[in-house]
Amino acid sequence: MLSSFDKIYAMMTKEERRSLIKYLISDVQLYMPEERKMKARFCKSITYRFPIEKEVLAEFSDSGVHVESVVLLTTGDPVENTAAEVCV
């Protein structure tokens, strides 16, 4: 299943993806605003609901994998140009 996880995940609806992430992660700790600037990161730690080896997490962290947010800024009527979507 893990070898084809990306294919399965791509077929899921947004609601199913959100539910899966909520199921897999038990806790997320964020840095305080002043710490975020020093560390240049928002997330302090993520605790998963399943056992995972520290070597795997270190490799994942060292590989440069990160999450990107893209925002489209437009001018004009704010109601007309507003589109909000929350993805987990």
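Is F42 buried or exposed? At 55% relative accessibility, F42 counts as exposed; exposed means over 50% relative accessible area, buried under 20%, and partly exposed in between, with a 1.4 Å probe and protein chains only.

1. Basis of the model. This is a predicted model, in which local features need pLDDT of at least 70, side-chain atom pairs count only at pLDDT 80 or more, and totals for chains, interfaces and linings use all residues. Residues are numbered from 1 along each chain as its sequence is written, and side-chain values use heavy atoms, with hydrogens and water left out.

2. Confidence. The predictor's confidence in each residue is given as pLDDT, from 0 to 100. The protein has a mean pLDDT of 74, and 61% of its residues reach 70 or more. Over residues 81-88 pLDDT stays under 50, and for this stretch the model has nine contacts (heavy atoms within 4.5 Å) beyond four places in sequence.

3. Overall build. Four helices and two strands form the secondary structure, in the order α-α-β-α-β-α along the sequence. Helices (H or I, at least four residues) and strands (E, at least two) are DSSP runs, numbered from the N terminus. Of the 88 residues in the protein, 2% are buried. Among contacts between residues at least 6 apart in sequence, 25% join residues at least 24 apart.

4. Surface. The protein exposes about 8400 Å², of which carbon and sulfur atoms supply 60%; accessible areas come from the Shrake-Rupley method with a 1.4 Å probe, and for residues only the protein chains shown count as cover. V28, L30, F42 and I46 make a nonpolar surface patch of about 370 Å². One of these, V28, lies in strand 1 (residues 25-30) and is partly exposed, with a relative accessible area of 44%.

5. Surroundings of F42. F42 is placed in the loop between helix 3 (33-39) and strand 2 (43-48). Apart from neighbours within four places in sequence, F42 is in contact with L30, Y31 and R36. F42 and Q29 are separated by 13 residues in sequence and by 8.8 Å in space, C-alpha to C-alpha.

6. Backbone at A40. A40 also has its place in the loop between helix 3 and strand 2, and counts as exposed at 68% relative accessibility. The phi of A40 is near 60 degrees, a positive value in a residue other than glycine. Most residues other than glycine have a negative phi.

Notes. Patch = residues over 30% accessible without salt bridge, like charges linked within 9 Å, V, L, I, M, F, W, Y side chains within 5 Å. Salt bridge = Lys/Arg side-chain N within 4 Å of Asp/Glu carboxyl O.
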